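Subject: Structure handover, with pocket notes

Hello,

Here is the structure for your work. My notes on its pockets follow below.

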Amino acid sequence: MIGVISGDIIKSQKIPKQQYDAMLYQLEQSLRAVCSKTTLWNIYRGDAFQLQINQSEEIIKTAILIYLQLKLAGYELRQSMALGSIDNPRSDIKTATGSAFVLSGQGLDKITNQRFVFTIAQQTVDESFSLNLAFADTLLSKITQKQANALYVYLTHTDNSHAALAKELNTSRENVTKLLNLANYQLIERFIVHSEQVIKTIIKGVI
């Protein structure tokens, strides 16, 4: 069982033509920053992307990090995550097939006001997990660019003490603490850890 994320930038059609190349560059750089060498991804239709995650338990964290990367650059993103099969693996995932790709693409087409949706092939997502994702969705949609930056650095650095992050962000420890608290960093981190445990359980049940 693999994970697939399909996403696109919200209201990209309203971005002025002279800023469109900068948006595409930021999208590409964000994906490069978050995705490991083993994660396959592709940008298509100008403002959309799809990526394949073989370490399925990391799908929620990956989606959140991509969201934060684009958020700190001033863009809003929506993403459809799916767990399922891959029938025809390809180095270019545009030609790969399987339920994970189908469900992820369908979820993106149907997404409305959410930033994140999650589906599993031939299974119903547990209501408590869906509720937790909805809460995380709401919290993340409200953060500012500075808060997104602080949260991204916190989630990606080995030494994420507030003092260390203050040096990385070139600000005071007090300001780092304030930004992280406003971003509800402890709740987001707990949700990421919880999601990894839930997905590992789902995968074990399938195998």
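The second largest pocket is lined by N132, F135, A136, L139, L187, I188, R190, F191 and H194. Two elements each give two or more residues to that lining: α4 (127–141) and α8 (185–206). The largest share comes from α8, with five residues. By class, the lining of the second largest pocket holds six nonpolar residues, two polar and one charged. Its volume is about 190 Å³. Please keep in mind that this is a predicted model.

Now the largest pocket. How much space lies in it? About 260 Å³. The lining has 16 residues, and the closest to the pocket centre are V34, C35, S36, E58 and T62. Which of them gives the largest share? That is α2, with three residues.

The class make-up of the largest pocket's lining is seven polar, six nonpolar and three charged residues.

- Largest pocket: about 260 Å³; α2 gives the largest share of the lining; three charged residues in the lining.
- Second largest pocket: about 190 Å³; α8 gives the largest share of the lining; one charged residue in the lining.

Best regards

Terms used
Residues are numbered from 1 along each chain as its sequence is written. This is a predicted model: local features need pLDDT of at least 70, side-chain atom pairs count only at pLDDT 80 or more; totals for chains, interfaces and linings use all residues. Side-chain values use heavy atoms; hydrogens and water are left out. On a 1 Å grid over the protein atoms alone, a cavity is a set of points where a 1.4 Å probe fits but cannot get out, and a pocket is an open set with protein on both sides within 12 Å along at least five of seven lines; lining residues have an atom within 4 Å of a point. Grid points are joined across faces, edges and corners, and a volume is the space filled by probe spheres set on the points. Helices (H or I, at least four residues) and strands (E, at least two) are DSSP runs, numbered from the N terminus. Ala, Val, Leu, Ile, Met, Phe, Trp, Tyr, Cys and Pro count as nonpolar, Asp, Glu, Lys and Arg as charged, and the others, Gly among them, as polar.
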